[in-house]
Amino acid sequence: MCILIIADIKNNQINPATAELFTAANTIAKDIITPVYLLIPCNDVKITSNYRPDVKTIVIGMSIYNYNAQGLSKAIASIAHDIDAHYIIGLHTPFTIDFLPSISIEYNAHCITQVHTIQHDEHLTFVRGSCSGKLDQYIDIDNKPVIASIAPGSFDEYIADDTDNSINDTINDTINEVTQITIAAAEKQLCTFITKENKDSSLDEADIIIGVGKGIGSKDNLTLIYNFAKIFPHSAVAGSRIVCDYGWLPYSKQVGITGKSIAPRVYIACAISGSSQHIAGIKGAKTIIAINKDNDAPIFNISHYGVVEDIFTFIPQFLEYVKRL
Amino acid sequence: MSIPYKILVCIKQVPDANAKIYLEKTKPHYDEKTVYVINRYDEYALEEALQLKDKGLTHYIHTISAGPDRIQKALRRSLEMGADEAYHIVTGDDDCAIPYYVAQCITDFAKNEYDIILTGVMSQDAMNQQTGQLIASMLGYNYATGVTGIQTNNDVITVTRELDAQTSMQYALKIPCVIAVQSSSIIPRYPSLSNVLRAKKQHIGMIKPIMSSQVQYHSFYTIPQKTTECEFIQGRTDQKVVELYKILHRNAVV
């Protein structure tokens, strides 16, 4: 048995967060020495990150410009069968989640998506957010292979360590061996990539980011948030996806799995409930403060400080207080 | 398999964002006052179908949903928005249905009847994000997920798939296909009065689900563990204001 890690692709290169999957694989393997394979879904992507070149690597002979989810998932299923993979794991990103669940069809297996924790004591249990993040769902599957997508930011990046021989030793003989698997021409599509130029780097540069959720109610009400942000030098305003869908903020200000990941010194979540989609984008923030009138809001589970208040009463009072200082 | 397209839109009824949830033993339980709505991403999927109808590319939009009797409200709403027929796969009141099973039920209903099957990219409650992929793979159709744009040119459907805030991918999908729609700046429409009146009289087709799936797992639910010990700022509002200011000061942002 072995673990098959699917490299995620971002901007035509391997997403550095793929390194988190090696840590997840270690949790799955626990004390049992388990070979790990890395599968790169396209053969023309740049390999720039430190993704552990010591593991056996399989490259799918498909250009990213010929991407086809159906062909890719079938190819991965056949490889997984050949190497007897008991676990197939990928990152939960728009790129990978497009084809990962389809692998399960070939096995009548189940795909567990958006896993944020893997528990390995007596049983191996995958934990994912459900019910809009208000509950965690624990899933335990007997059948193999188990296919899972892991929410980015859930595991630390794997850093190779001399004392760690749980994975390395068994696969020394296969170092850097690359296998190419090709995909039938009939299954290739002609893809173009569209990159929106974004000169807005405010979210990368800000020391403090004020995030706003649907609870703000209207574009006009955003004035309150802008005034709040003005108190802080080097601040920026960001939003959840729905706020951008409504056109209240541009998509360049969207934070979450389908938007930006941010790492400011302080993030203040205003009226944001904290879906797993949003939370995945704010894990890099050093201090997270949540202001929400619902004390059950999942955002408080990952916050350092919580203020249970309605933003429409609390923020004006805060502004008033600062003015008087 | 050409214009006018036969379209199926898969919708899920979900508790609205403010619903209070409880644990009943190890299963989620919503209180009786819970308001149920159409999953937000499925509304975008339906809107995409309705825009194809506006362009004269279809006059055949069916909606389908699996669940207990209460989901008929969501199906009725889809008719009010402009769907032509609605079908209800009658399953139990199980908020934790396994996506594989739901996909099997829909696949069994859809068979080879539709040119385009639309779904939301995920449900806002369970967030499994895989039903569209599973339906496509079970039927052997081409598909795309995270779609924020659908362009049509005769028999060619070109989708725009969002990869992140900056990057999208575009390609043509051969029909029949499955498209899982991501929310975007198009606003799903409100029902028109004429559609509301028409929908009142419409019959919703009842469909028997397939026998239970061979794909099973053990699952239970808990209140999420906190990854940080959140320090709740206590006191009256004005005291909280002062306390928050101090915290921000300590973190050197003011």
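This is a predicted model: local features need pLDDT of at least 70, side-chain atom pairs count only at pLDDT 80 or more; totals for chains, interfaces and linings use all residues.
Let's start inside chain B. Two packed helices are described by the angle between their axes and the distance between the axes. Find helix 3, residues 99-110, and helix 4, residues 131-139: these two helices of chain B pack at an angle of about 50 degrees, and their axes are 9 Å apart. Helix 3 of chain B and helix 4 of chain B are therefore oblique to each other. If you look at how helix 3 of chain B passes helix 4 of chain B, the crossing is right-handed.

Which residues meet here? From helix 3 of chain B come eight names to look for: Pro99(B), Tyr100(B), Val102(B), Ala103(B), Gln104(B), Ile106(B), Thr107(B) and Ala110(B). They meet Thr131(B), Leu134(B), Ile135(B), Met138(B) and Leu139(B) of helix 4 of chain B. Sorted by class, this contact has 10 nonpolar residues, three polar ones and no charged ones.

Now let's turn to the partner chain. In chain B, 64 residues are in contact with 73 residues of chain A. Several elements of chain B each supply at least two residues to the side that touches chain A, among them helix 4, strand 9 (142-153) and helix 6 (237-250). Helix 6 of chain B gives the most, with nine residues. The residues on this side of chain B divide into 33 nonpolar, 24 polar and seven charged.

Finally, look for strands that pair across the two chains. Strand 9 of chain A, residues 135-140, pairs with strand 14 of chain B in the antiparallel sense, over five bridges. In strand 14 of chain B, Phe220(B) is the bridge partner of Tyr138(A).

Methods. Residues are numbered from 1 along each chain as its sequence is written. Chains are lettered from A and ligands numbered from 1 in the order in which they are written. Axes are lines fitted to C-alpha atoms, for helices over the stretch in contact, and angles run from 0 to 180 degrees between N-to-C directions. Helices (H or I, at least four residues) and strands (E, at least two) are DSSP runs, numbered from the N terminus. Angles under 35 degrees count as roughly parallel, over 145 as roughly antiparallel, 65 to 115 as roughly perpendicular and the rest as oblique. A crossing is left-handed if the near helix is turned anticlockwise from the far one by less than a right angle, and right-handed if clockwise. Two residues are in contact if their C-beta atoms, placed from the backbone, lie within 7 Å. Ala, Val, Leu, Ile, Met, Phe, Trp, Tyr, Cys and Pro count as nonpolar, Asp, Glu, Lys and Arg as charged, and the others, Gly among them, as polar. Two strands pair if DSSP finds at least two bridges between them.
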